Amino acid sequence: MAGVLREGAVKLSVWSRAYTLAVAALYLLYGLLQLYNGVVAWWLPWLGEPVELCASVLDACVPNAFPDPFSGLVLMLVGLMLARAVYLYSKENYVKATGFLFASWALGVLLMILNVLILLADILGAYYPLLLGGESMGWSLASDPWGIAPHMVLGALLLPLYFSAESIREILKGLSH
């Protein structure tokens, strides 16, 4: 990695670190929510109702913390990796911090892309019978559990790091060669 990155590319501004830490906290929060909701829905239904922390937009819960404990664990992993990157930057361990930042950024963006692909598959699955002259099964963003999942919202919040963290651009440029 030292051959790919220039010395100045590994630094991250204080504002970028604060933003990264805020996004890490959101990843951890929504990871815990999904883990709890999944445990309640899958294994311990007598514990109560799922917990939602969202804004209601046109009958859709944004973001929708659906009950999937494994998805929650992945969100918490991304959040912990982001927090670890900020911690390593504060200790001036720039090379390791850059590695954690890039890995968590890439994982978060890939999860967002996966969420979009799942949404497209759900839409196609609901409306492809129209092509065959049949009835549509109907689809709604509000009723789809992957509709506005934390993966998509938090992944979108990670995208600005591409522009503020030169190290992410440098690593991607090095990987393309």
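Me: Where in the chain is confidence lowest, and where is it highest?
Reply: Confidence is lowest in strand β2 (residues 60-62), at a mean of 68, and highest in helix α2 (residues 69-90), at 95. The score here is pLDDT, the predictor's confidence in each residue, from 0 to 100. This is a predicted model, so local features need pLDDT of at least 70 and side-chain atom pairs count only at pLDDT 80 or more, while totals for chains, interfaces and linings use all residues. Residues are numbered from 1 along each chain as its sequence is written, and side-chain values use heavy atoms, with hydrogens and water left out.

Me: And what is the mean pLDDT of the chain?
Reply: The mean is 84, and 90% of the residues reach 70 or more.

Me: Let's look at α2. What length does it reach?
Reply: α2 has 22 residues and reaches 31 Å from its first C-alpha to its last, close to the 32 Å expected at 1.5 Å a residue. The expected span is 1.5 Å times one less than the number of residues.

Me: What happens at the start of α2?
Reply: There, a side-chain oxygen of D68 comes to within 3.2 Å of the backbone nitrogen of F70.

Me: Is S71 buried or exposed?
Reply: S71, which is found in helix α2, is buried, with a relative accessible area of 9%. Buried means under 20% relative accessible area, exposed over 50%, and partly exposed in between (1.4 Å probe, protein chains only).

Me: Which side chain does S71 make a polar contact with?
Reply: The partner is the side chain of H151, at 2.6 Å. A polar contact is a pair of N or O atoms within 3.5 Å; within protein, one must be able to donate a hydrogen and the other to accept it, and residues adjacent in sequence count only if both atoms are side-chain atoms. Setting aside residues up to four places away in sequence, S71 touches Q34, F66 and H151, where contact means heavy atoms within 4.5 Å.

Me: Changing topic: which residues have the most contacts inside the largest nonpolar core?
Reply: They are Y27, L82, L101, W105, L158 and I168, in a core of 29 residues. The elements that give two or more residues to this core are α1 (14-42), α2, α3 (94-127), α4 (150-158) and α6 (166-176). The largest share, 8 residues, comes from α3. A nonpolar core is a set of buried Ala, Val, Leu, Ile, Met, Phe, Trp, Tyr and Cys residues joined through side-chain atoms within 4.5 Å.

Me: What does W105 touch?
Reply: Leaving out residues up to four places away in sequence, W105 touches L158, L159, L161, Y162, I168 and L172. W105 also forms one aromatic cluster with F102, Y162 and F163.

Me: How many aromatic pairs are there?
Reply: The count comes to 7 aromatic pairs. Rings of Phe, Tyr and Trp (its six-membered ring) pair if their centres lie within 6.5 Å; planes under 30 degrees apart count as stacked, over 60 as edge-to-face and the rest as tilted. The rings of Y89 and Y94 have centres 6.0 Å apart and planes at 45°, so that pair is tilted. Y89 is buried, at 2% relative accessible area, whereas Y94 is partly exposed, at 22%.

Me: Last one: what do the buried residues of α1 pack against?
Reply: They pack against α2, α3, α4 and α5 (161-164). Among the buried residues of α1 are Y27, Q34 and V40.

Methods:
Helix = DSSP H or I, 4+ residues; strand = E, 2+ residues; numbered from the N terminus.
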